[in-house]
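Q: Please take a close look at a single part of this structure and describe how that part is arranged and what lies against it. Start with the confidence of the prediction.

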Amino acid sequence: MRSLALGAAAAAGSSPPAAAASVMRAAWQAVRWHVVVPGLQLAVYVCATMSLMLFLERLYMAAVVAGLWLQRRRKRAGRRRLARDDARKRMRLDDDDDDLESGEDRRCPMVLVQIPMFNERQVYRLSIGAACGLSWPSDRLVIQVLDDSTDPAIRELVEVECARWARKGVRIRYENRSNRNGFKAGAMREGLRKPYARGCEFVAIFDADFQPDADFLRRAVPPLLRDPGVALVQARWRFVNAGDCILTRIQEMSLNYHFAVEQEVGSACHAFFGFNGTAGVWRAAALADAGGWKERTTVEDMDLAVRASLRGWRFVYAGDLAVRNELPSTFRAYRYQQHRWSCGPANLLRKVLPEILRSDRVSPWKKLHLLYAFFFVRKVVAHLVTFLFYCLVIPACVLVQGDVHLPKYVAVYVPAVITLLNAVCTPRSGHLLVFWILFENVMSLHRSKAVAIGLLEASRANEWVVTDKLGGGKAAAATTAAVARKEKKQLLRRREVHVLELVMGACLLYCAVYDMVFFGQDHFYLYLILQSAAAFIVGFGYVGASVPAAPS
């Protein structure tokens with residue numbers, strides 16, 4: 001502790017205040033060089049490692065998607081040549097699938113359509129109407145509305161809507177529980193136990209805001225009939241309100257990448273991906289073989305998919321089959337949704353790890369994919385490295401300028417490539433790329449906290465808050481117009497303030513000013529100013545739609 005000794009020696013011949021200040025400076029220098037700087041340097045290396053893990057995973061998926069695109073292009077060319085050379089032979093090969101897609105009813109199996117909902121005043125008509133409009137033989141289709149609503153008025157509205165369709169000849173059943181045990185998983189588990197559901201070969205699931213096209217079943221069921229080893233056909237989502245506000249545009253960018261890349265690669269390379277909880281068709285036998293619905297985490301859909309995969313079942317992602325749905329348009333709803341989507345997988349990893357290691361029905365390669373790529377890199381590392389590196393390590397490095405080596409490839413090049421790979425899936429929102437990066441960094445605060453809660457199974461690990469929906473499209477526009485006419489002043493006064501984001505913005509702004517005044521050679525203050533501005537914008541409630549607060 002040479003610095004402390006020098007400080008003590010200097011203090012011996014000075015006044016008491018000056019001596020105390022000298023000792024404190026010496027003590028700080030000792031802590032700085034022996035604790036702070038080595039700790040920050042270690043943090044930089046850890047973040048660099050996690051960034052490279054994420055970078056290589058994204059490159060691998062991009063290469064697979066490019067290969068799939070080239071393969072499909074060659075197949076389309078080959079089909080055109082076959083069509084010219086031997087049209088009759090090709091028709092015989094495709095006859096089984098065409099039976100369903102062209103409207104032939106003789107091979108249509110029994111299908112149960114489950115629509116779980118909870119106090120869905122704005123969207124219940126949309127989902128029920130779309131399900132009742134599915135093109136499928138009426139005697140081979142049962143629609144089951146699983147209404148866990150606690151509001152008696154909404155419960156009555158949903159029941160009346162079901163009765164209206166029943167009078168039209170649709171086989172629709174309204175089910176309401178006296179409790180919400182198990183939440184969505186509990187409702188669907190109870191629904192499958194009904195006598196009329198036991199004879200159904202397949203189960204289609206749609207959340208309350210999802211509106212499938214009439215031909216959905218005729219396009220989703222054939223892969224299940226063609227291959228008895230396939231347990232699930234998952235469709236992609238098409239967002240009806242993506243252009244409502246900047247929040248929905250940002251979500252569209254992230255989810256388009258999820259479907260176009262992550263789900264596509266999982267289906268093609270491993271016959272496994274996370275079930276999205278809706279817009280999919282399950283084989284009832286596979287669902288039962290996997291143990292059915294369980295509520296041990298808030299991602300019961302991913303839990304079911306993992307257990308089914310460990311039993312040897314395969315999944316198919318139908319990227320050309322899209323189902324309309326609504327994105328959360330308020331920041332509060334989006335934040336609760338992201339907590340559930342980040343906490344749930346981390347908590348599931350904690351609980352399913354022994355099952356994956358013990359499984360003898362899947363290959364070591366698939367186990368590695370599940371544990372490393374699917375869970376660790378995408379569900380844990382991706383959230384932690386964003387917050388730790390861009391919101392903690394970089395600002396801390398600014399405060400100890402010159403003493404910590406921060407490689408430029410980690411701070412600039414790697415995130416730039418990852419961002420561009422993500423943006424390719426939504427070219428129309430390319431001009432929002434900078435704000436998308438900054439907003440994702442702000443959201444990493446909540447996602448990282450949720451991951452930690454899930455891994456440690458803390459108090460909020462099983463928190464379930466239903467995502468609020470406004471109805472999308474015309475319904476949402478009408479709601480917004482009514483609010484603007486009647487309660488504009490009230491909305492301005494009720495705009496939510498988010499304290500964590502404001503504190504984050506203030507800290508980043510302090511680091512930016514410190515860098516700009518005392519150092520500034522690396523221009524980190526430019527990033528910090530932009531990032532603090534994004535945090536303040538979110539903190540003062542200027543991201544997402546504004547809706548009136550519930551009357552007290």
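A: pLDDT is the predictor's confidence in each residue, on a scale from 0 to 100. The protein chain has an average pLDDT of 87, and 88% of its residues reach at least 70. In residues 1-11 the pLDDT is below 50, and this stretch has twelve contacts in the model beyond near neighbours in sequence; contact means heavy atoms within 4.5 Å. Residues 548-552 also have a pLDDT below 50, with five contacts beyond near neighbours in sequence. This is a predicted model, in which local features need pLDDT of at least 70 and side-chain atom pairs count only at pLDDT 80 or more, while totals for chains, interfaces and linings use all residues. Residues are numbered from 1 along each chain as its sequence is written, and side-chain values use heavy atoms, with hydrogens and water left out.

The part examined here is the sheet. The protein chain contains 20 helices and seven strands; helices (H or I, at least four residues) and strands (E, at least two) are DSSP runs numbered from the N terminus. Seven strands make an open sheet with mixed pairing, in the order β3-β2-β1-β4-β6-β5-β7. Two strands pair if DSSP finds at least two bridges between them. In general, strands of a sheet pair through backbone hydrogen bonds, either parallel or antiparallel. At the edges are β3 (172-176) and β7 (314-325), each of which pairs on one side only. On average, neighbouring strands of this sheet are turned by 20° against each other, direction ignored; the axes are lines fitted to C-alpha atoms, for helices over the stretch in contact, and angles run from 0 to 180 degrees between N-to-C directions.

Within the sheet, strand β1 (residues 111-117) runs parallel to strand β4 (residues 202-205), and four bridges join them. Val111 is placed opposite Phe202 in β4.

In α7 (residues 183-192), the buried residues are Lys184, Ala185, Gly186, Ala187, Met188 and Gly191. Buried means under 20% relative accessible area, exposed over 50%, and partly exposed in between (1.4 Å probe, protein chains only).

For the chain as a whole, buried residues account for 51% of the 552 residues. Of the contacts between residues at least 6 apart in sequence, 80% join residues at least 24 apart.
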